Amino acid sequence: MGVWFALALPGTASAATADAAGWVWALKAILGVIVILIVLYTCRHVLFALNRLLGHQRHPYLDVDTADWPRVAVVVPAHNEEHVIGHALDALVDVDYPPERYTIIPVDDRSTDDTWAVIEACTARAPDLIRPWRRTGGRPGKAAVLKEVTARLDAAVLIVFDADYLPGRGLIKQLVAPFFDAEVGAVMGRVVPHNTDRNLLTRLLDLERAGGYQVDQQARMNLGLVPQYGGSVGGVRVSAVRAVGGWSEDAYAEDTDLTFRLLLRGFKTVYQNRCECYEEVPEVWQERNRQIMRWAKGHNQAALRYAWRTLFSPMVGHLERIDAVLLLGVFALAPLLVLGFCCAYALYLMGEPFLSSEALALLGVVSFSSVGNYAAFFEIAVALHLDNSRRRLRLLPLNFINFLASVLNVCRACFSLLFHDMLLRRELRWEKTARYRGNGNGNGNGNGNGNGNGNGNGNGNGTGNGRRT
């Protein structure tokens, strides 16, 4: 009926044609920008992979073993972590660091399980090292915990561990060593999953971590770009954190937020690839979905706050600016990718294909390789080669499952950030990942079992490029 009506009225058909042409032009422009972005990220990942294979590898602080070590505080924020925190605290007590300059601060932030009882049991075995704190008020969340702890510290370096992490004996010294360089504001180590033998999901996440740390982070370190402080298995210079205003309590990803505030003040973040620590990755897809949504919300929140400022900051080098903006935009690619395929399909229905079917298929493959799980397909392959664990290459095609799940959940996270958090001002709350390890109840078995699982499975997963201490 609309077609006959358009034909019956003079000028209506030409107006409809002009409107259609306008829509076609707009769709092609949007799709063109998205294709350029995907190609740009693809080139970035290829550059990183080639650098790890062929380029000069920077480990400038690796040989620092004897020094006048500064006072260090290790903070372990915890909310309902009764199953794992005992293992972490026992491992931290056993590290190689001058005890008179070393303090462990487990913080129970309003747990409703037996987390505090486990902390007390560990404290009774090492009262000279562990200074527990039970938090009953204030704003909830890891960032709020870290802000309050930092305000009362007399240490020069603050190191943060999540409650499920298992550090080796030499890890603290390796994380502290870069802080002898006055330009360094934060340090990040490598995270290695220790529960990879559970199911397909844990094996896929092991591949993701390998690509993200072994290749992506180390390549940015090699090239003098912007390694990211990751919030655990990392440390910060207390004076630098105070200089930028402390931790942001309203940040969903306090680690990303701090990385860029330090960068804007001229501080560098250092990545130590051989500082390995073992974590427990999600074992069920529901927990993985919540985790990736939390990361995406925090990263995109930081992008909205700092992308424009970073791009034009006089404190940031030219190459650092480009890499920093691309790093901030990585979790915006998923919704853009969905939008791009919708535009391509709309153009196809309108009889105006922007790309041939072969080119569209290639775009799909490149999109998967570039943004499928934020550690690119070929970066994972290079990481497995460097780790001398090529048998895991057989799992690479199955990363398509992770790709689809990541795209869906990142899109959900973007909607939640814009609608629930920015428009409705929903209050920030603890978002933690479920734990699956046996109860670390501080009975003396926690350290043995925790370190046993971490060391055995960690080395078995192929961390040959790193160095256990």
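## About the model

The model is predicted, so to speak of local features a pLDDT of at least 70 is needed, side-chain atom pairs count only at pLDDT 80 or more, and totals for chains, interfaces and linings use all residues. Residues are numbered from 1 along each chain as its sequence is written, and side-chain values use heavy atoms, with hydrogens and water left out.

## The sheet

Let's begin with the strands. Helices (H or I, at least four residues) and strands (E, at least two) are DSSP runs, numbered from the N terminus, and two strands pair if DSSP finds at least two bridges between them.

At the β3 end, β2 (residues 102-109) runs parallel to β3 and is joined to it by three bridges. Here Val107 stands opposite Trp133 of β3.

## Strand β7 and its neighbours

Strand β7 has antiparallel partners on both sides: four bridges join it to β4 (residues 157-160), and three join it to β6 (residues 184-193). Arg237 of β7 is the bridge partner of Val157, while Gly235 of β7 stands opposite Val187.

In a regular strand, side chains alternate between the two faces of the sheet. In β7 (residues 234-237), Gly234 and Val236 point one way and Gly235 and Arg237 the other, and all are buried (under 20% relative accessible area, with a 1.4 Å probe and protein chains only).

Helix α3 (residues 85-93) is largely enclosed by the rest of the structure, because eight of its nine residues are buried. These are Ile85, Gly86, His87, Ala88, Leu89, Asp90, Ala91 and Leu92.

The axes of α3 and α4 (residues 115-125) lie 9 Å apart, at an angle of about 20 degrees. Axes are lines fitted to C-alpha atoms, for helices over the stretch in contact, and angles run from 0 to 180 degrees between N-to-C directions. The two helices are therefore roughly parallel (angles under 35 degrees). From α3, Ile85, Gly86, Leu89 and Asp90 make the contact, and from α4, Thr115, Val118, Ile119, Cys122 and Arg125.

How values were computed
Buried means under 20% relative accessible area, exposed over 50%, partly exposed in between (1.4 Å probe, protein chains only). Angles under 35 degrees count as roughly parallel, over 145 as roughly antiparallel, 65 to 115 as roughly perpendicular and the rest as oblique. Contact means heavy atoms within 4.5 Å.
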